[in-house]
Each structure stands twice: as structure tokens, then as C-alpha cells.
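Me: I have a new structure to read. Can you walk me through it step by step?

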Amino acid sequence: MPYYLIQTAYTPESWAKMIKSPQDRVELVRPAIEAMGGRIEAGYISFGEYDFATIVEFPDNASAAAFSISASSKGGLKAFKTTPLMTMAEAQGAMRKAGESTYAPPK
């Protein structure tokens, strides 16, 4: 299954709720991801532009997009970003395929 990096940023209201009642967001989000055929590999609180980073497997792009749309539509987040990830073996395959490309830049 393809891997995705999901990064989210919480609203101030969401942070206030979690300060009042700390919660393990990985475990609370896990059922929603699994319902779409996905699996959480790891989840981390992060600093900077995004507050949370999760490595997730989904069966396909449509499932990853469906989760993204669902989570974004419910409120509680001010930002949501999904980045498709490739294994090194997949990347090497892409590099070999790129070597066979007939693309030429504009002249």
C-alpha cells in the first residue's frame, strides 16, 4: 500500500480543548483511518507550521483524499496537508524510468 505523510495544524480552540483534556490523537484518529482501509505507522507532535505529523498507509490516492476531505470538513484544523511518499525501491524504479524518457526541454 502507498504511504502518505499527513501534517495537520490545530485551531486555537482545538488546542484549548486538548489542554483541558489531554488526548492521544493517534488512537482517536486510528478508527477513521482504518475505516478507509488505511493503517497508521507512526504519529508525532511537531513544531513549526504543522502541529502533528502522521505516517499512514492507504490502499490508494482516492482513500487518502477521502480521509483528507473528511478531516478537513469537520473543523478543528486550520491546515491539513497530505504528501505521497515513495520507498527507496520505488524511487529507484522512477529514476530508471526517467532515464528512459524521451522528454526534451524547449529550444
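Me: How many salt bridges does a search of the whole structure find?

Reply: This is a predicted model. A salt bridge pairs a side-chain nitrogen of Lys or Arg with a carboxyl oxygen of Asp or Glu, within 4 Å. The search of the whole structure finds three.

Me: Which residue forms a salt bridge with R30?

Reply: E27 does, with the closest N and O atoms 2.7 Å apart. R30 and E27 both lie in helix α2, residues 25-35. They are three residues apart, about one turn of the helix. E27 counts as partly exposed, because its relative accessibility is 41%.

Me: Which salt bridges share partners?

Reply: R39 forms a salt bridge with E41, at 3.1 Å between the closest N and O atoms. The side chains of R39 and E57 also meet in a salt bridge, 2.7 Å from N to O. R39 lies in strand β2 and E57 in strand β3, so this pair ties together parts 18 residues apart in sequence. Shared partners join R39, E41 and E57 into one network.

Me: Is E57 buried or exposed?

Reply: Buried means under 20% relative accessible area. E57 has 10%, so E57 is buried. R39, at 35% relative accessibility, counts as partly exposed. E41 is also partly exposed, at 43%.

Me: Where is T11 found?

Reply: T11 sits in the loop between β1 (3-10) and α1 (12-20). Its relative accessibility is 14%, so T11 counts as buried. Setting aside neighbours within four places in sequence, T11 is in contact with G76, L77 and K78. T11 and K78 are 67 residues apart in sequence, yet 5.3 Å apart in space, C-alpha to C-alpha.

Key: Residues are numbered from 1 along each chain as its sequence is written. This is a predicted model: local features need pLDDT of at least 70, side-chain atom pairs count only at pLDDT 80 or more; totals for chains, interfaces and linings use all residues. Side-chain values use heavy atoms; hydrogens and water are left out. Helices (H or I, at least four residues) and strands (E, at least two) are DSSP runs, numbered from the N terminus. Buried means under 20% relative accessible area, exposed over 50%, partly exposed in between (1.4 Å probe, protein chains only). Contact means heavy atoms within 4.5 Å.
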